[in-house]
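Student: I would like to go through this structure and ask what stands behind each label. Please give the criterion each time.

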Amino acid sequence: MAGIAVSTTINGDAVEYLCQPDETLLDVLRDRLGLTGAKEGCGTGDCGACSIILDDRLVCSCLVLGAEAEGRRVETIEGMAHGDTLHPLQQKFLEHAALQCGICTPGFLIAAKDLLAKNPDPTEEEIRFGLAGNLCRCTGYDKIVRAVQDAAIVMKGA
Amino acid sequence: MRYIRPLSIEDAVGQLAGSAGTAAILAGGSDLLVRMKGGFGEPELIVDIKAIDGLSEIRETAEGFSIGAAVPCAVLGENTDLKKAWPGVVEAAKLIGSKQVQGRCTIVGNLCNASPAADSVPALVAAGAKAVVVGPAGRRTIPVQSVPTAPGKTSLAKGEIIEAILLDKREPRSGDAYLRFIPRTEMDIAVVSAGVNLTLDEHGVVKSARVALGAVAATVLLVEEAAEVLIGSRLDEATLERLAKVCAGACRPIDDKRGTIEFRRKVAGVLAQRAATSAYARAGGK
């Protein structure tokens, strides 16, 4: 089967691909485009490990069809650092040891980036609510919350 | 499976009506894709309605608001006029899923998924919302509560699409509220829920009311007897006590791992009281 031709923008670059009608955007990113930063945890929109930003909205890429990306803007974890310079959130996740196994980390970083873009000065409660769609079974969330708080301070000063 | 993205509602209706096998409408996909992956069968045709003109918009008209079928719930929460006019509807829509799900899920999807525990549905029913249905026979407008007929089943015929949800323009001194009980603090399915919508007269007496309960029957319940209890009152203690009793009596809940029949009845009464109190305050009552 030839599949559906899709033209989209991923991390600022024009990208074209062919996909099957029942293929998710997560599968397209990982299996066709080699962008393996977004992870498949549950595959049903519960864990947030596959979080991406689609036209300025945080979404689970496992609940988006590849065909739906036509003409839209996709941002993934691969677009977060600038060359060798980490995004402040990435830097603070390292400094605060806000990860252990790392499977949830790309999703948390994307969700935290979206959170701070919409609310640059969140309270701890707003951070915890804002990241409730991302599950981490290692850290107990506390270090993640501290890292996001710290990154918010850095980003406000920037 | 085929995926199509029609540009007009007529084309979408034609494709759905003309499909020989199973067909599904895709807006946010937060129920549809989960169902597809869960082994509940893949439809032969998916009709993505997001490219249809006007379906991704909230329009404010002389009659009120028209919320397009493809508007994600996150957008409802960002619309200050809608939030001011119908805070209960917006707070219900905002309770569906996580931030990630909010960016995709729609109130029409929530309605057509026909879960008895759908969060936005009791709030819409309390608000007296209507659904604009487009089908092969044309356009018709029906009350929201007539859409779900059983868990997972709707009254929509083959080829029919809900194009928009209509909310009336607000009379002065009106307020609505929605509350649910869940054992967690967020990201859970309602065990019991209640939506209340009130309009007061100039003396703060309730002149019209609608009370809806969720997750306590196979479909959402519009409890007219509860509304009658509220009308003519200022929500004094005796009225709230009667409201709780009537709501508990109207429930036809099931026993399951999330709550017993007895628990659901009691909580339905408590939530109705609290939602009524909140709606009353929002309407300017003291």
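Student: How many helices and strands does chain B have, and what makes a stretch count as one?

Tutor: The secondary structure of chain B comes to eleven helices and 14 strands. Helices are DSSP runs of H or I with at least four residues, strands are runs of E with at least two, and both are numbered from the N terminus. This is a predicted model, in which local features need pLDDT of at least 70 and side-chain atom pairs count only at pLDDT 80 or more, while totals for chains, interfaces and linings use all residues. Residues are numbered from 1 along each chain as its sequence is written, and chains are lettered from A and ligands numbered from 1 in the order in which they are written.

Student: Why does the radius of gyration of chain B agree with a compact globule?

Tutor: The radius is taken over C-alpha atoms, and the globule rule is 2.2 Å times the number of residues to the power 0.38. For 286 residues a compact globule would have a radius near 19 Å, and chain B has 19 Å, so the two agree. Along the principal axes, the C-alpha atoms of chain B fill a box of roughly 60 × 45 × 35 Å.

Student: What share of chain B is buried, and what makes a residue buried?

Tutor: Buried residues make up 51% of the 286 residues in chain B. A residue is buried if 20 or more other C-beta atoms lie within 10 Å of its own, exposed if 12 or fewer, and partly exposed in between, with C-beta atoms placed from the backbone.

Student: In what order do the strands of the open sheet in chain B lie?

Tutor: The five strands run in the order S4-S5-S10-S6-S7 (chain B), with antiparallel pairing. Two strands pair if DSSP finds at least two bridges between them.

Student: Why do S4 and S7 of chain B stand at the edges?

Tutor: S4 (58–60) and S7 (138–143) of chain B each have a single partner strand, so one side of each is left without a neighbour in the sheet. Neighbouring strands of this sheet are turned by 25 degrees against each other on average, direction ignored. Axes here are lines fitted to C-alpha atoms, for helices over the stretch in contact, and angles run from 0 to 180 degrees between N-to-C directions.

Student: How do you know that S6(B) and S7(B) pair?

Tutor: S6 (residues 130–135) of chain B and S7(B) share six bridges in the antiparallel sense, against a requirement of at least two. Lys130(B) has Pro143(B) as its bridge partner in S7(B), and Val132(B) stands opposite Thr141(B). A hairpin of two residues joins S6(B) to S7(B).

Student: What pairs S6(B) with S10(B)?

Tutor: Five bridges, again in the antiparallel sense. Val133(B) stands opposite Ile162(B) in S10(B). Helix H1 (residues 9–18) of chain B lies across S6 and S10 (161–168) of chain B, at about 130 degrees to S10(B).

Student: Why are H10(B) and H11(B) called oblique?

Tutor: The axes of H10 (residues 237–250) and H11 (residues 261–282) of chain B come within 8 Å and cross at roughly 140 degrees. That makes H10(B) oblique to H11(B): angles under 35 degrees count as roughly parallel, over 145 as roughly antiparallel, 65 to 115 as roughly perpendicular and the rest as oblique. Residues making the contact include Leu240(B) and Leu243(B) of H10(B) and Ala268(B) and Gly269(B) of H11(B). Two residues are in contact if their C-beta atoms, placed from the backbone, lie within 7 Å.

Student: Which helices of chain A are oblique to each other?

Tutor: H2 (residues 88–95) and H5 (residues 142–157) of chain A have axes that come within 8 Å and cross at roughly 140 degrees, and H2(A) and H5(A) are therefore oblique. Among the residues in contact are Leu89(A) and Phe93(A) of H2(A) and Ala147(A) and Val154(A) of H5(A).

Student: What makes chain A compact?

Tutor: Chain A has five helices and five strands. Its radius of gyration is 16 Å, close to the 15 Å that the globule rule gives for 158 residues, so chain A is as compact as a globular protein of that length. Of those 158 residues, 45% count as buried.
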